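Trainee: Please show me the sequence and the structure. I would like to ask about the helices and the loop.

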Amino acid sequence: MYRIAHISDLHLRAVDANFDRAVTLIEQAQSEADHVIISGDIVDCAEANVLQAFQASLNQRGLM
């Protein structure tokens, strides 16, 4: 049996405390589940720089 964590609609607007909390949430989910699914809107208002920072942060932690 697999354990799946589902995180949806983060709506990140900037690289700030909410950004850090989202990355921490994903790290915790990854440590407790076999798979983590992130769906819905990751960033708010097409913030491409925030999405790139989010992807880089996950890559640095080996989460992507």
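Questions and answers on the helices, the loop and the chain end follow.

Mentor: This is a predicted model, where local features need pLDDT of at least 70 and side-chain atom pairs count only at pLDDT 80 or more, while totals for chains, interfaces and linings use all residues. Residues are numbered from 1 along each chain as its sequence is written, and side-chain values use heavy atoms, with hydrogens and water left out.

Trainee: At what angle do the axes of α1 and α2 cross?

Mentor: Helices here are DSSP runs of H or I, at least four residues, and strands are runs of E, at least two, numbered from the N terminus. Axes are lines fitted to C-alpha atoms, for helices over the stretch in contact, with angles from 0 to 180 degrees between N-to-C directions. Helix α1 covers residues 17-32 and helix α2 residues 48-60. Their axes come within 11 Å and cross at roughly 35 degrees.

Trainee: Which residues of α2 make the contact with α1?

Mentor: Contact means heavy atoms within 4.5 Å. From α1 come F19, A22, V23 and I26. From α2 come V50, A53, F54, S57 and L58.

Trainee: How many residues of the contact of α1 with α2 are nonpolar?

Mentor: Sort them by class. Ala, Val, Leu, Ile, Met, Phe, Trp, Tyr, Cys and Pro count as nonpolar, Asp, Glu, Lys and Arg as charged, and the others, Gly among them, as polar. The contact has no charged residues and 1 polar one. The nonpolar count is 8.

Trainee: What distance separates the end C-alpha atoms of α2?

Mentor: Start with the expected span, which is 1.5 Å times one less than the number of residues. For the 13 residues of α2, that gives 18 Å. The end C-alpha atoms agree with this, at 18 Å apart.

Trainee: Within what arc do the buried residues of α2 fall?

Mentor: Buried means under 20% relative accessible area, exposed over 50%, and partly exposed in between (1.4 Å probe, protein chains only). The buried residues of α2 are V50, F54, S57 and L58. Seen down the helix axis, they line one face, because the arc, taken from the directions from the axis to the C-beta atoms, is 95 degrees.

Trainee: Is S57 buried or exposed?

Mentor: S57 sits in helix α2. Leaving out residues up to four places away in sequence, S57 touches F19 and V23. Its relative accessibility is 8%, so S57 counts as buried.

Trainee: What is the phi of D9?

Mentor: Most residues other than glycine have a negative phi. D9 lies in the loop between β1 (4-8) and α1. D9 is not a glycine, yet its phi is positive, about 55 degrees.

Trainee: What is the phi of H11?

Mentor: H11 is found in the loop between β1 and α1. At 32% relative accessibility, H11 counts as partly exposed. Its phi is positive in a residue other than glycine, near 50 degrees.

Trainee: What separates the C-alpha atoms of E27 and L63?

Mentor: E27 is in helix α1. Not counting residues up to four places away in sequence, E27 touches R61 and L63. E27 and L63 are 36 residues apart along the chain, and their C-alpha atoms are separated by 7.5 Å.
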